[in-house]
Amino acid sequence: MTGSIKTIHLSYNEEKAIRQTLSKVDFPKSEKDLLNSMKDYASCLQESLDDQHLRQITDFSKKSDEVAMIVRGLPMEISPPQTPEDGKCSISAIPFASAINFGMYALLGICPVTYLGENDGHLIRHVVPTRNGINQKSSYGSESLGMHVDDCHLPLTPELEEISSPNLSPCPEYLSLYGIRCDVRVFTKVSLLSQALDFLDKNTIEQLEQPNFILTTPDSFGEKRQFEYPVIIRKDKKIVFSRFDKEFTIPKTPEAQRALDALNTHLLDSQVVNHLLLLPGDFLIFKNQRVTHAREKFTPRFDGTDRWMIRLFGLNSLEKAQLVNKNNPYYLVA
Ligand SMILES: O=C(O)CCC(=O)C(=O)O
Ligand SMILES: [Fe+2]
């Protein structure tokens with residue numbers, strides 16, 4: 001059921017043109033270099049893409065009815081290093097992949113961000129099975145991840161309008177994954193919230209809108225914390241946002257439990273779920289609070305060829321961001 005996800009296939013000539021223009025820009029060695037040069041990388045993409053593809057890509061963040069997009073066939077390293085078993089890889093080992101990700105963010109008008117308590121302040125997260133994370137429910141593990149919204153304890157976009165000075169930064173508005181190595185057995189599953197909600201009655205939806213759910217922070221966040229929130233929020237009565245993450249949510253009443261179970265069932269419905277594989281050079285981006293994503297358990301080989309994706313979080317603006325340290329506008333309190 002991929003009809004609901006905008007898919008763009010770049011041509012051979014587009015890929016080649018991006019590769020050629022990018023190789024004229026200095027290769028990045030650090031995230032600082034990537035941030036400094038992201039507009040230059042975006043110019044390389046802009047020059048090389050067909051007009052129609054360029055418009056389709058730049059429209060994504062502006063169009064409120066578009067929630068997920070895949071751009072397939074972007075350039076990648078010709079010979080990427082081994083999949084890192086500890087989740088660490090220097091930018092200079094994957095300059096193309098890194099530049100493409102930051103260039104796409106600049107083209108889309110999105111700010112990459114990272115949050116305190118996860119990923120040690122780095123923007124790029126390597127979604128790989130790690131030896132330490134093997135039993136963790138996190139992007140570093142190989143356990144199953146149920147349908148979820150990332151960092152869902154943070155204020156959702158409509159909630160930010162109500163809170164004048166929150167002490168937490170906004171929940172990521174975007175999450176992107178870029179394929180470096182594919183494991184054809186392991187899909188990323190993406191469901192559109194609006195499609196799942198079409199199956200629910202008014203009463204169930206109203207239950208989900210009550211602050212009757214206790215949320216705990218996931219494994220990747222270090223220390224555990226608890227919050228009480230609604231699971232869904234409607235903006236202007238139309239656009240729906242969620243902080244769905246069943247594994248970390250405790251409903252406070254039997255009605256809340258039933259509503260959460262019903263939403264989970266429909267997010268997993270075969271008519272709703274999109275099963276996605278990212279081949280090397282494929283870039284998936286979605287509006288984190290308007291879809292849910294999941295992954296099934298798999299067995300890593302730890303032979304240097306395991307599944308590897310680059311993940312970035314994004315916000316439309318840093319205006320409401322609470323900074324960990326005022327010298328770094330991309331490192332946010334969470
Ligand atoms: O491994 C995947 O396909 C998704 C991982 C995930 O949920 C994440 O990185 O946020
Ligand atoms: Fe996730």
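Mentor: We'll take the overall build, then one sheet. Keep in mind that this is a predicted model.

Trainee: How many helices and strands are in the protein?
Mentor: The protein has 8 helices and 17 strands.

Trainee: How does the radius of gyration sit against the globule rule?
Mentor: The radius of gyration is 19 Å, close to the 20 Å that the rule gives for 334 residues. So the protein is as compact as a globular protein of that length.

Trainee: And what does the C-alpha trace span along its principal axes?
Mentor: About 60 × 45 × 40 Å.

Trainee: What share of the residues counts as buried?
Mentor: Of the 334 residues, 45%.

Trainee: What about contacts between residues at least 6 apart in sequence?
Mentor: Of those contacts, 77% join residues at least 24 apart.

Trainee: New topic. What is the strand order in the open sheet of 3 strands?
Mentor: The order is 9-8-12, and the pairing is antiparallel.

Trainee: Which strands stand at the edges?
Mentor: Strand 9 (226-229) and strand 12 (249-251). Each has a single partner strand, so one side of each is left without a neighbour in the sheet.

Trainee: What's the twist?
Mentor: From one strand to the next, the twist averages 25°.

Trainee: How many bridges join strand 8 to strand 9?
Mentor: There are 4 bridges, and the two strands run antiparallel. Strand 8 covers residues 213-216.

Trainee: Which residue in strand 9 stands opposite Phe213?
Mentor: Tyr229.

Trainee: And what holds paired strands together in general?
Mentor: Strands of a sheet pair through backbone hydrogen bonds, parallel or antiparallel.

Note on methods:
Residues numbered from 1 in each chain as written. Chains lettered and ligands numbered in written order. Predicted model: local features only at pLDDT ≥ 70, side-chain atom pairs only at ≥ 80, totals over all residues. Pairing = 2+ DSSP bridges. Axes fitted to C-alpha atoms, helices over the stretch in contact; angles between N-to-C directions. Rg over C-alpha atoms; globule rule 2.2 N^0.38 Å. Buried ≥ 20, exposed ≤ 12 C-beta atoms within 10 Å, placed from the backbone. Contact = placed C-beta atoms within 7 Å.
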